[in-house]
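The report below is meant for someone meeting this protein for the first time. Please look over the sequence and the model before reading on.

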Amino acid sequence: MAGRLQIDGDDSVLLHITHSNLKTFSADVRFSLQSTVESVKEKLWRKCGTSVNYMSLELYNDNKSKICDLADDSRPLGFYSPLDGHISNNPSSLTSGGWLEDTSLVEKYTISEEDYEKRGGTFRKFKDRLVSQNPSTFEPKITENYMEDLCANIKVGDRCEVEPGEKRGFVKFVGRAESLSPGFWIGVQYDEPLGKHDGMVKGVRYFECPSLHGAMVRPDKVKVGDFPERDPFEEEEIP
C-alpha cells in the first residue's frame, strides 16, 4: 500500500509493517512524523513482542527496495521521509529461528504416570467417574464388519488353539452372532470341558457340542493349524 497518507493539516504517516523473523506478522500502523525512532520502536514492541534493544528499523519504498536504516533513535521519524517500513531484529532476538511461530521447537511439559495418578481433578478421574455411573457412555462403537478380515483363513472344521490358556479344539462356527456384540465371532468346541455352554448362547443356537465344551470368541483370539488333541495322561517334563 502507499506509505504516506496525505491529509491537510496532518503530519502523520501510515506505514505497512513487517517483521524479519515473524513471517506471519503484518500490520498497518499510523505514526506521527514528530515521533522519535525510539518511540516508534516502543509502539512496535507492544505489537510484535520484539524488545526495543533488539529491534532495528529499515525503510523500504513501494517496490520493496531498501531506502535506508532508521539508525538514530533520537531523530524524528519525519527526518527519513518514510514511505513503507519493515522491522528487522538482531539475530539474538528471542523471535529468531521462528520458535514463536513453530510450536514444534517449544519443549513440551511432560508428567510421569505416577505423578499424574496422584493428582486430583484430572480428566482421567472425571472420565472414570462418568464410566462408573454410565458405562455405555464411553463404550467404543463396534461395526458390523468388525474383525471380518481375520476370518479369511478360519473355516469350520479347522483345528485351533484359543488364547488365553492355549485351549485346543476345533472351529464349529464363523460369522456374526446376533445375540452378541456386532462384528464377527468364532464358535469353538474345546477338547476338554473348558467352555461355558453347548453351542447355545442367549437363546440362540450357533452349533452343537457337549455341555461346557463350547465358546464364542473373537477371531483375534483364535489360531488355526496343526494342534492335535492333548493326551490327558501325558505328564509334563520336570526340568
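Is Arg159 buried, partly exposed or exposed? With a relative accessibility of 22%, Arg159 counts as partly exposed, where buried stands for under 20% relative accessible area, exposed for over 50%, and partly exposed for what lies in between, with a 1.4 Å probe and protein chains only.

## Basis of the model

This is a predicted model, in which local features need pLDDT of at least 70 and side-chain atom pairs count only at pLDDT 80 or more, while totals for chains, interfaces and linings use all residues. Residues are numbered from 1 along each chain as its sequence is written, and side-chain values use heavy atoms, with hydrogens and water left out.

## Overall make-up

Of its 239 residues, 33% count as buried. The accessible surface comes to about 15800 Å², and carbon and sulfur atoms hold 51% of that area, as computed by the Shrake-Rupley method with a 1.4 Å probe.

Among the contacts with a separation of 6 or more, 49% are between residues 24 or more positions apart, a contact being heavy atoms within 4.5 Å.

## Two nonpolar cores

A nonpolar core is a set of buried Ala, Val, Leu, Ile, Met, Phe, Trp, Tyr and Cys residues joined through side-chain atoms within 4.5 Å. The largest one has 19 residues, and those with the most contacts inside it are Ile17, Phe31, Leu44, Leu57, Leu70 and Leu77. At least two residues of this core come from each of β1 (12-18), β2 (26-32), α1 (37-48) and β3 (55-60), and α1 gives the most, with four residues. Another core, of 12 residues, lies apart from the largest one, and its members include Ile154, Ile186, Tyr190 and Val217.

## The five-stranded sheet

Five strands make an open sheet in the order β11-β8-β7-β6-β12, with antiparallel pairing; two strands pair if DSSP finds at least two bridges between them. The edge strands, each pairing on one side only, are β11 (214-217) and β12 (222-224). From one strand to the next the twist averages 45°, taken between N-to-C directions of lines fitted to C-alpha atoms, on a scale that runs from 0 to 180 degrees.

Strand β6 (residues 159-162) pairs with β7 (residues 167-176) in the antiparallel sense over four bridges. Within this pairing, Cys160 has Gly169 as its bridge partner, and Glu161 stands opposite Arg168. Strand β6 also pairs with β12, again in the antiparallel sense, over three bridges, with Val162 opposite Val222.

## The turn between β6 and β7

Four residues separate β6 and β7 in their hairpin, and Gly165 in the turn has a positive phi of about 105°. Pro164 also has its place in the loop between these strands, and the peptide bond that joins Glu163 to Pro164 is cis, with omega about 0°.

## Salt bridges

The structure holds 15 salt bridges, each defined as a side-chain nitrogen of Lys or Arg within 4 Å of a carboxyl oxygen of Asp or Glu. In one of them, Arg159 meets Asp191, with the closest N and O atoms 2.8 Å apart. This pair links distant parts of the chain, since Arg159 is in strand β6 and Asp191 is in the loop between β8 (184-190) and β9 (200-201), 32 residues apart. Asp191 counts as buried, at 18% relative accessibility.

Glu161, which is buried at 7% relative accessibility, forms a salt bridge with Arg168, where the closest N and O atoms are 3.2 Å apart. Glu161 and Arg168 belong, together with Glu166 and Arg230, to a network of salt bridges.

## Two residues with positive phi

Met147, in the loop between α3 and β6, has a phi near 65°, a positive value in a residue other than glycine. Lys202, in the loop between β9 and β10 (204-205), has a positive phi as well, near 50°. Met147 is buried, with a relative accessible area of 13%, whereas Lys202 counts as exposed, at 67% relative accessibility.
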